[in-house]
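Okay, thanks for coming, everyone.

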Amino acid sequence: MRIIFDIFFIISLSTLSCLTINPLVKRIGLIFNLVDLKKGKRIGKNLVRIGGLSIFISFMISLISYLIINPYFSNYEVLYVLITGSFIFFIIGLLDDLFNLSPFLRLIIEFATSAFIWAGGIKIQYLDISFIIGGYNNLTLPTFLSLLITCFWIVGIINAFNWIDGLDGLSSSLSIICSSGFLIISILLSNQFSVYICSSIIGSCLGFLYLNKYPAKIIMGDCGSHFLGFIMATISIISSRNIILENNSLIALIPLLILSFPLTDMFFVILKRLINNKSPFFPDRSHFHYKLIDAGFSYQETLNLLFLCSIFGSTLAIIYLIIFQSKYYL
């Protein structure tokens with residue numbers, strides 16, 4: 001019962017915080033003319049593009065408030081790394097919103113920060129790949145390979161969420177769906193720390209969605225998508241660890257399933273751009289959401305289809321854990 005209370009408290013606090021902060025952030029954006037002018041990032045709209053500030057602040061308020069009143073929390077080292085990384089990636093996105101940074105400069109900073117995250121202990125080092133090869137439920141990666149995979153995973157998820165933020169309410173809703181999937185996984189695997197993180201993200205995005213749903217009055221911008229992408233990348237590592245096994249082996253199929261939609265979208269977008277001899281960072285309408293709209297689906301129909309795809313991936317991950325991995329935690 002205590003964990004149910006914790007989840008309800010954190011989600012409620014973060015939702016109310018974001019609902020309170022969002023109008024203020026919108027007003028600040030209008031005063032300083034911080035509107036979305038990037039072609040291809042939004043369909044025919046100029047909206048305040050720093051809404052991610054609301055998500056970031058409400059996330060921090062709910063998480064820190066809960067930790068203050070919870071005397072039993074002890075995992076402060078990982079918390080420090082996660083909060084520091086969150087702040088850095090939020091600032092990277094905010095600077096891009098304000099000054100339109102070079103994508104190559106962003107990549108360099110993102111990989112450098114990801115290396116810091118790896119050094120701080122949030123890393124992919126022990127893998128459960130038994131869904132590919134039976135019996136390989138604790139594969140140890142060499143140090144360099146662990147660093148490489150962790151950095152590419154974090155940077156890849158961040159850019160996947162950044163690129164997919166093209167429709168009103170899409171990225172924030174997907175973050176809610178994916179976080180809900182990781183929340184259930186965290187409960188099943190008794191990963192209490194990730195329960196707090198997932199609950200904070202769910203509440204923050206729910207509060208933000210009030211003004212971000214179609215037709216949106218504010219968008220999260222790169223500061224929001226970078227922050228959410230980083231949290232999704234790190235929480236996928238933390239929540240999917242099987243703490244029953246000696247080395248907290250990461251059940252690799254779980255994050256791949258829960259994040260399958262943004263990862264698949266990013267893969268095919270990059271593939272198409274390379275085939276057409278274009279830079280992977282060249283904006284176009286090759287994303288799934290644009291293709292559906294161009295095919296004649298309405299805005300809301302497109303959103304509903306994409307939400308169903310994400311829910312399907314999260315559901316498969318939960319079913320896989322319950323049926324094929326239950327022997328490790330039941």
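**Cysteines, then a pocket**

So, disulfides first: the structure holds zero of them, where a disulfide means a pair of cysteine sulfur atoms within 2.5 Å. Take Cys 18, which is in no disulfide; its nearest cysteine sulfur belongs to Cys 205, 7.7 Å away. Cys 18 counts as buried, because its relative accessibility is 0%. (Buried is under 20% relative accessible area, with a 1.4 Å probe and protein chains only.) Cys 205 is buried too, at a relative accessible area of 0%.

Quick housekeeping: this is a predicted model, so local features need pLDDT of at least 70 and side-chain atom pairs 80 or more, while totals for chains, interfaces and linings use all residues. Residues are numbered from 1 along each chain as its sequence is written, and side-chain values use heavy atoms, with hydrogens and water left out.

Now the second largest pocket, at about 290 Å³. A pocket here is an open set of points on a 1 Å grid over the protein atoms alone, where a 1.4 Å probe fits, with protein on both sides within 12 Å along at least five of seven lines; lining residues have an atom within 4 Å of a point. The volume is the space filled by probe spheres set on those points, joined across faces, edges and corners.

Which residues lie nearest its centre? Phe 73, Asn 75, Asn 191, Gln 192 and Phe 193, out of 17 lining residues. Helix H7 (192–212) and helix H1 (2–31) each supply at least two, and H7 gives the most, with three. Helices are DSSP runs of H or I, at least four residues, numbered from the N terminus.

Definitions and conventions:
Buried means under 20% relative accessible area, exposed over 50%, partly exposed in between (1.4 Å probe, protein chains only).
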